[in-house]
Amino acid sequence: MTWADAIRLAARSVLRRPARAALTIGAVALAAALFTAMLTMAETAQSRVLNQLAKGGPLAGIQVAAAASDPSQVGIDNPTQGPPKSLDPAALARIRRVPGVGGVFPIVTAQSLVIWPQHALATTGEGAGHGRSDNVDFDELVGVNLTHVTDLPVTVTAGRLPKPRSLTEVDVTSVFLARYGITRTHVKSAIGSVVQLGAPRGFLESDGSKVFRTQWTEAKIVGVVAQQVGSGGILASLPLAQASHDWTAAGDPSVDPDAPRSPYAGLFVIANGLDQVPSVRAAIATIGYSTSAPENLIASVQRYVHVVQIVLGGIGVIALAIASLGIANALLAAVRERRREIGILKAVGARDRDVLRSFLIEAGVMGAVGGLIGSILGLALAGLVAEIVDRYLASQGLAGVHVGFPYLLGIGAIGGSIVLALLAGTFPARRAARLPAREAVEL
């Protein structure tokens, strides 16, 4: 029996029992789809999400404070800072030239007197009487470059971000809103409120008296954020924070000794990769500034991602193994039904290996077709999940993570399905090959 004869015999057997073949191929397809989709998503978590953040995002970010470094604290995630040290454009330029630095973003902060609209105290939050009785407080205005917000630890939880150069829009944190009785479930009620922001400046009058004057700005709350750029509860554009900072810093130091003296309150430095965070931190410490970075968190995230990959891959392998049992069962049933046919083949001169070859071809064809269909379905499923994830990230004000289709993985899934099908079909095929020719006359 030639290979062509064996292929024709296997094809005839499959076409003669289309329902059984369809169910077997469907089982293989579903298993291959599950395997492909899970490994695609696991690979995305590693190569797309983690590495994308690592190469220009918060995970590879380093906080640089306007304070001297303490040699005994270098390498600690959240070190104790040394004495205050001016952080100016010259220092920013030096840090930008450090090998492994992908971006440097200045952070400007300014103390601000906040006047919350009096009428909002009774209309926002959980209801009248749940907020403050007064509407005046102090907080810190945090200004960052909002055109690069995806590189910063800032997440929009409601509303939107201020326009990058706006002098009349701000975002606030849920902690800030909690002071006025606005709980996390009601933060959207604050959007649209207008607050008065006052930057104080100390003056020494000609008669020696000390006075403070305030530069007022009216700002509309356009969103609620969670942010780790600064300790303040108000996030603003860099120009708005800079104007308030410069007004306060220009005051008389004898009147306001706590006024900011450093041009920048800090820097957010992006390393080119997670593995370069330690070396960049060490170089910045050599320049003389205190740094902090979640290195232990980064290591933990990497370990957990590897665990996810192993778990998802294991589930996919189990699914393929179950499908292979289905192939074995289908072929065993075919052996029982085709005993007379096998006996006749043996009687006319077919050898054991010819019968074995025919059954293995049948198993391989079902594995190949099921693997092909399953790979296409798996990649489509991964694409659908990616679309859902992208929409969620967009709703949070973050850049989407587009899932790349690892076609080599799809090809591997097809090859794996064929191999498993052949392994599953080996026992039924050997059983069929050992049937003697007399089966033709005994049935």
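Reader: Let's start with aspartate 139: is that buried or exposed?

Author: Aspartate 139 is buried, at 7% relative accessible area. Buried here is under 20% relative accessible area, exposed is over 50%, and partly exposed is in between, with a 1.4 Å probe and protein chains only. Bear in mind that this is a predicted model, where local features need pLDDT of at least 70 and side-chain atom pairs count only at pLDDT 80 or more, while totals for chains, interfaces and linings use all residues. Residues are numbered from 1 along each chain as its sequence is written, and side-chain values use heavy atoms, with hydrogens and water left out.

Reader: OK. Which residue forms a salt bridge with aspartate 139?

Author: Arginine 179 does, with the closest N and O atoms 2.6 Å apart. The pair ties together parts that are 40 residues apart in sequence, because aspartate 139 sits in strand S3 and arginine 179 in the loop between H5 and S6. Helices (H or I, at least four residues) and strands (E, at least two) are DSSP runs numbered from the N terminus.

Reader: What counts as a salt bridge here?

Author: A side-chain nitrogen of Lys or Arg has to lie within 4 Å of a carboxyl oxygen of Asp or Glu. In general, side chains of opposite charge can pair when their charged atoms come close.

Reader: And how many salt bridges does that rule give?

Author: The count is 4 salt bridges. One of them joins aspartate 137 and arginine 179, at 3.2 Å from N to O. Aspartate 137 is in strand S3 (residues 136–144), and 42 residues separate the two partners.

Reader: How accessible are aspartate 137 and arginine 179?

Author: Aspartate 137 is buried at 19% relative accessibility, while arginine 179 is partly exposed at 30%.

Reader: What about arginine 213, what's its partner?

Author: Arginine 213 has a salt bridge with glutamate 205, and their closest N and O atoms are 3.1 Å apart. Arginine 213 is partly exposed at 41%, and glutamate 205 is partly exposed at 27%.

Reader: Which residues are joined into one network?

Author: Asp137, Asp139 and Arg179, through salt bridges that share partners.

Reader: Switching topic: where is threonine 291?

Author: Threonine 291 is in strand S10 (residues 289–292), and it is buried at 8%.

Reader: Which side chain makes a polar contact with the one of threonine 291?

Author: The side chain of arginine 281, at 3.0 Å.

Definitions and conventions:
A polar contact is a pair of N or O atoms within 3.5 Å; within protein, one must be able to donate a hydrogen and the other to accept it, and residues adjacent in sequence count only if both atoms are side-chain atoms.
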